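Below are a few friendly notes to read alongside the model.

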Amino acid sequence: MTTSLDEETSKKVIRQVEFYFSDSNVPRDNFLRKKIGESEDGLVSLALICSFSKMRGHLSLGEAKPEDISEETLKGVANTLRTSGFLKISEDGTKVGRATELGKPEELIEQLDNRTVAASPLPYDVTREAMESFFGQLAKVNSVRLPTHVSEKKVFCGTALIEFSTEEDAEMVLEQTLVYDGASLELCPKKDFDEERKMQMQQVNSTKSGADCKDSEEADYPKGLVVAFTLKKKQSGAKENGAHQSTKPDADTSKPDGGECEAVTSPGSDKVSGNDNGLDKVAEEDMKQKVNVESGPECDVEEAKDGKKSSEATDVKDGGKPAHKEKPTAASCKNDPNVVLREDLKALFEKFGTVKYVDFTMGAESGFIRYEEPEAAQKSRAVAVLSDVGGLIVKNYIAVLELVTGEAEKEYWKFRESTQHNKGRGSKHHKGGKRGWSRGNKDSPSGRPNKFQKFGHNKH
């Protein structure tokens with residue numbers, strides 16, 4: 001890299017480093033505040049600052065550590081930061097800090113909270129830039145934070161924290177009636193948000209402590225990989241999931257990779273069971289239809305052997321002679337919008353991560369998706385819950401999703417282990433019967449949960 005940065009990168013770097021050392025960040029950033037306190041002149045290693053994740057992104061440094069930052073890069077960043085009146089750079093260009101002394105953290109935090117507004121509900125993929133642009137139309141915005149859900153640390157909770165430059169601006173915004181992305185925003189002081197979040201944390205910790213005691217007595221099994229889905233018939237006019245229409249011209253409506261999904265429903269199903277994580281009972285026949293995506297085709301539908309037609313269904317032709325109908329196959333139903341195939345489900349769910357197995361039988365109303373990583377399962381669930389139709393669209397159906405957790409998850413793996421154990425015992429005497437897999441979690445609420453409540457949003 002040359003000793004000078006291009007204009008766009010320079011703006012991003014100045015903005016980011018100014019934020020690091022701002023009154024909005026330092027009082028709450030224990031690591032950076034400690035580094036500032038350890039320095040006699042209040043300056044911090046510029047190489048350390050450049051190794052922070054957002055700075056690495058702005059400078060295209062990959063996973064570089066402080067010792068990996070080149071002198072050319074440091075010179076380029078130092079020259080750029082010298083144009084900021086808020087920052088101070090050492091003479092040799094190796095350290096950076098605030099040009100003014102930091103006040104008492106306790107007082108700064110109090111002031112910060114008083115000029116911060118909590119706004120919800122917001123789309124799962126909203127960006128800081130979109131929020132700054134939206135609220136910047138009302139008053140100057142110092143910073144935007146997008147806290148994660150208390151129990152799902154990689155999922156946005158649906159509430160943004162917008163810090164304004166003055167308390168008066170924050171109070172003015174609280175009196176507004178605002179609509180973002182078609183939803184009326186609920187606005188409250190940050191202190192109210194903190195109180196509610198504190199209660200949510202207590203509930204989560206209480207639940208975890210009980211679960212940990214129980215889990216210690218149980219056999220280990222993979223956690224967080226399985227998503228259950230129920231197919232419902234799509235209503236006319238249903239929008240593609242993820243297609244937000246902002247009511248403000250400045251709102252950022254960009255989507256992350258895989259964010260534009262489609263929705264699904266079970267053939268002939270009008271209701272979604274809310275018991276036991278929203279899973280329906282699945283017959284053993286469904287469970288046996290697993291597809292190892294890495295080792296074979298994801299849609300293996302049995303066809304009549306030796307080219308012979310199935311004799312299960314017949315029509316009567318002239319003369320009274322029955323004529324055999326061919327059994328539907330994946331190939332014959334590929335373009336049928338009313339028939340969902342495993343390959344359709346694989347294509348849909350792989351937008352969120354690597355699909356390991358698709359547990360589904362053609363014509364069934366429900367099934368399971370098993371991912372390679374739990375983050376993919378969480379992402380697919382988040383997109384489905386926050387979509388306009390409450391699920392992911394596939395052909396003429398909406399797939400309503402639930403993460404398989406707790407007792408239901410344990411039962412899933414027990415059932416799968418038992419079917420694998422019986423797999424090679426012979427087809428005639430060890431066929432899979434109609435013994436359905438039932439779920440054991442009786443604490444789940446009935447019906448699909450409110451899309452924002454699931455992610456920590458409650459009315460204030």
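Which residues does Leu43 touch, not counting residues up to four places away in sequence? Lys88, Ser90, Lys95, Val96 and Gly97, where contact means heavy atoms within 4.5 Å.

Before the other points, the ground rules. This is a predicted model, in which local features need pLDDT of at least 70 and side-chain atom pairs count only at pLDDT 80 or more, while totals for chains, interfaces and linings use all residues. Residues are numbered from 1 along each chain as its sequence is written, and side-chain values use heavy atoms, leaving out hydrogens and water.

1. Leu43 sits in the loop between α2 (30–38) and β1 (44–45); helices (H or I, at least four residues) and strands (E, at least two) are DSSP runs, numbered from the N terminus. Its relative accessibility is 5%, so Leu43 counts as buried (buried is under 20% relative accessible area, exposed over 50%, partly exposed in between; 1.4 Å probe, protein chains only). Lys88 is 45 residues away from Leu43 in sequence, yet the C-alpha to C-alpha distance is 7.9 Å.

2. Helix α7 (residues 128–135) has Ala130, Met131, Phe134 and Phe135 buried. Viewed down the axis of α7, these buried residues fall within an arc of 115°, so they line one face of the helix (the arc is that of the directions from the helix axis to the C-beta atoms). They pack against β4 (116–120), β5 (141–145), β6 (160–164), α8 (167–174), β7 (179–180) and β9 (186–189).

3. Strand β14 (residues 366–371) deserves a look: 6 of its 6 residues are buried, so the strand is largely enclosed by the rest of the structure. Ser366, Phe368 and Arg370 cover one side, with Gly367, Ile369 and Tyr371 on the other.

4. The partners of β14 come next. Strand β10 (residues 226–233) runs antiparallel to β14 and is joined to it by 5 bridges, with Ala228 opposite Phe368; strands pair if DSSP finds at least two bridges between them. β13 (residues 355–359) also pairs with β14 in the antiparallel sense, over 4 bridges, and Val355 stands opposite Tyr371. β13 and β14 form a hairpin with 6 residues between them, and Gly363 in the turn has a positive phi of about 95°.

5. Some backbone details to check by eye. Ser120 and Pro121 are joined by a cis peptide bond, with omega about 0°. Ser60, not a glycine, has a positive phi near 55° and is exposed at 66% relative accessible area. Asp181 likewise is not a glycine and has a positive phi of about 55°, but Asp181 counts as buried at 16% relative accessibility.
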